[in-house]
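Take a moment with the structure below. The text then walks through a helix pair, a pocket and some aromatic rings.

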Amino acid sequence: MYDQKLACIATAATGIFWLIVLVVSAVTRRSLEREMIRFATQYATMQKELLDYFQLPYAILNENGGIIWMNYRFSEVINRDRNYRKSITSIFPDITKENIIKQHDENFSYQVNYNDRILRVAMTRLGIRSNTQITNGQIEETGVAPLISCMLFDETELADYKRQNMEQRLVTGLVYIDNYEDTLDAVEAVKRSLLTAVIDRKVTNYFERADAIVRKLDKDRYFVVFQNRFLKKLEEDKFSLLEDIKSTKAGNDKEITLSIGIGAEGESYLDLAEYARTAIGLALGRGGSQAVVKAGRDISYYGIRGKEVEKSSRVKARVKAEALREMMATRESVICMGHQISDVDALGAAIGVYCAAREMGKTCQIVLNTVTTSLRPFVELFSADNGYPDDLFIDSYEANDILTNDTLVVVVDTNRPGYTESPELLERTKNIVVFDHHRQGRDQIKNPLLSYVEPYASSACEMIAEVLQYFSEKIHLNPNEADCIYAGILIDTNNYMTKTGVRTFEAAAYLRRCGAEVTRVRKLLRENMDTYKARAEVVRNAEVYRKAFAISKCPPEGLESPTIVGAQAANELLNIVGIKASFVLTRFNNKVYISARSIDEIDVQRIMEHLGGGGHLNVAGAQLEGMTLGTVRERIQHTLDEMIEKGEITI
């Protein structure tokens, strides 16, 4: 049904409504616009005042670090007018334009020193939209103006609290007298108490400078506790107690030496105690008469002047021999290996381990990847024709295949996992025994079941010969086995001219009784003409650096064992008048091998440690990858210059 009257009324009402809307809109539009403009203006003014008087120093920089705007607080801190428009780098020189441009993170910060205050400059990248345009009804951004917000935080007090906290942390130390028993045995009974009192007094007085608590744990051991702030002074002093204690005289003829192990920067007291124990172990393992500081993962060495302390007691050798016997008895087989490119010392020590395993009725195999010219005559002695197993010598791949949970892995003549013939073996087993005569460094075999590391020993063969004497009363060495072990001692002592002690000759006498023949060994150690000429060429081409150091290179062409030739040439160079240390560089198998030698004045081990190597006071070496001979020569010269400048080397 349709009602025309009602339709007319509705139409009229709708028209009146829209008329009223138009009238009201026209009347109120201007006042609404005025109100919105007033609100926006007030809000912007309030926001600007808030930023201007904000107590946090705040500024806006352009993408290159130039100051666009700063608030009053920022102006006060940098002591510049608010109209200052230069770069932030002119205020804080530590922050360079290149550093700002290269930062790709949205948030980044720098710590700077400014007017005796420590400030943290926190920056945040801002993207300000610009050049907005409408295309086909769509809003598009044609560009972004990169800006950087900059805030300053004063961290002076925080840094001071951190410093105080670090300085007040506890540091623990262990002090061991290296040769207490040997020294007191040679002193008259009435003077022993006097000598002990003098030692106690010197140790106590020295650590009293650090406001330390010193407690005597045993007749030859001390426990020390002091604050971390004194550690730096002791390090700058290079632990002068090490040298001072040597001058102690109270009826004793022998020098008294001690070792110090310091533990610092531990998370707990247990960590500090463990660090100190590890440090004293390193000090003793490197021959004593030195201080070792273990601060977290960092290890520092001090002292190391003079020779290792030779110990006449064989108690330790007997204990290690008994422990080795027990371990072999509970294992099914033994794998023995030395260092890469094994020498006669490593082979002789491995043969000694083989003899011990044979006595126990255990299978023993020796890992030998490379048979050098100097090693071949000895390896041929242990062939199947001479009654030895066909698989006595195996390579690292075979060793990994036969390794089981009941296999004992014995490492000889090295204590660095990366230097062994097969580092993978050490990663796959926990049944590890170490026999070595090199000083321990940071990189060492972790958690061996038995570790016998004695830096005072002349060679690994000397240590094995001692162990064999206590291993079993019935043990028997064949003449070939005795010859090989004897040759290892002969090579490492350079015909008894280097690192030779009383126990060296005792070990040689034992091997002589077992059938070692000097004439046979001499024939086995003879070399061919090419090797002899190469060694002479190395000596001829040597250059003398700073009138005291001979540096030369050994060309590997035509040589089967260039590293051995390099070591021999380094010994030869010491026969030249005025040469205090020699360094021979050999490039072999994509590595540069350094053989370092000295007689008594220069600690070549310290020099090699700077290059990532190690060794002994007079015999050391290093292996460097990815470098040329020229680069290695420059590094050696630079290291010598630095150590001479610091007083670590005197020429």
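In this predicted model, helix 15 (residues 460-471) packs with helix 16 (residues 479-492). The angle is about 140°, and the axes lie 8 Å apart. Angles over 145 degrees would count as roughly antiparallel. Helix 15 and helix 16 are therefore oblique to each other.

Which residues make the contact between helix 15 and helix 16? Helix 15 brings Cys-461, Glu-462, Ala-465 and Leu-468. Helix 16 answers with Ile-485, Gly-488 and Ile-489. By class, the contact of helix 15 with helix 16 holds 5 nonpolar, 1 polar and 1 charged residues.

Now turn to empty space. Rolling a probe the size of a water molecule over the atoms shows where such space is left. The second largest pocket holds about 1,500 Å³. Its lining counts 45 residues. Nearest the centre of this pocket are Ile-280, Gly-281, Leu-284, Gly-285 and Lys-316.

Helix 9 gives the most, with 8 residues. The lining of the second largest pocket divides into 16 nonpolar, 12 polar and 17 charged residues.

The structure holds 14 aromatic pairs. One of them joins Tyr-58 and Trp-69. Their ring centres are 6.3 Å apart, with 65° between the planes, an edge-to-face arrangement. Tyr-58 sits in strand 1 (residues 58-62) and Trp-69 in strand 2 (residues 67-70). The pair links distant parts of the chain, 11 residues apart.

Note on methods: Residues are numbered from 1 along each chain as its sequence is written. This is a predicted model: local features need pLDDT of at least 70, side-chain atom pairs count only at pLDDT 80 or more; totals for chains, interfaces and linings use all residues. Side-chain values use heavy atoms; hydrogens and water are left out. On a 1 Å grid over the protein atoms alone, a cavity is a set of points where a 1.4 Å probe fits but cannot get out, and a pocket is an open set with protein on both sides within 12 Å along at least five of seven lines; lining residues have an atom within 4 Å of a point. Grid points are joined across faces, edges and corners, and a volume is the space filled by probe spheres set on the points. Helices (H or I, at least four residues) and strands (E, at least two) are DSSP runs, numbered from the N terminus. Ala, Val, Leu, Ile, Met, Phe, Trp, Tyr, Cys and Pro count as nonpolar, Asp, Glu, Lys and Arg as charged, and the others, Gly among them, as polar. Axes are lines fitted to C-alpha atoms, for helices over the stretch in contact, and angles run from 0 to 180 degrees between N-to-C directions. Angles under 35 degrees count as roughly parallel, over 145 as roughly antiparallel, 65 to 115 as roughly perpendicular and the rest as oblique. Contact means heavy atoms within 4.5 Å. Rings of Phe, Tyr and Trp (its six-membered ring) pair if their centres lie within 6.5 Å; planes under 30 degrees apart count as stacked, over 60 as edge-to-face and the rest as tilted.
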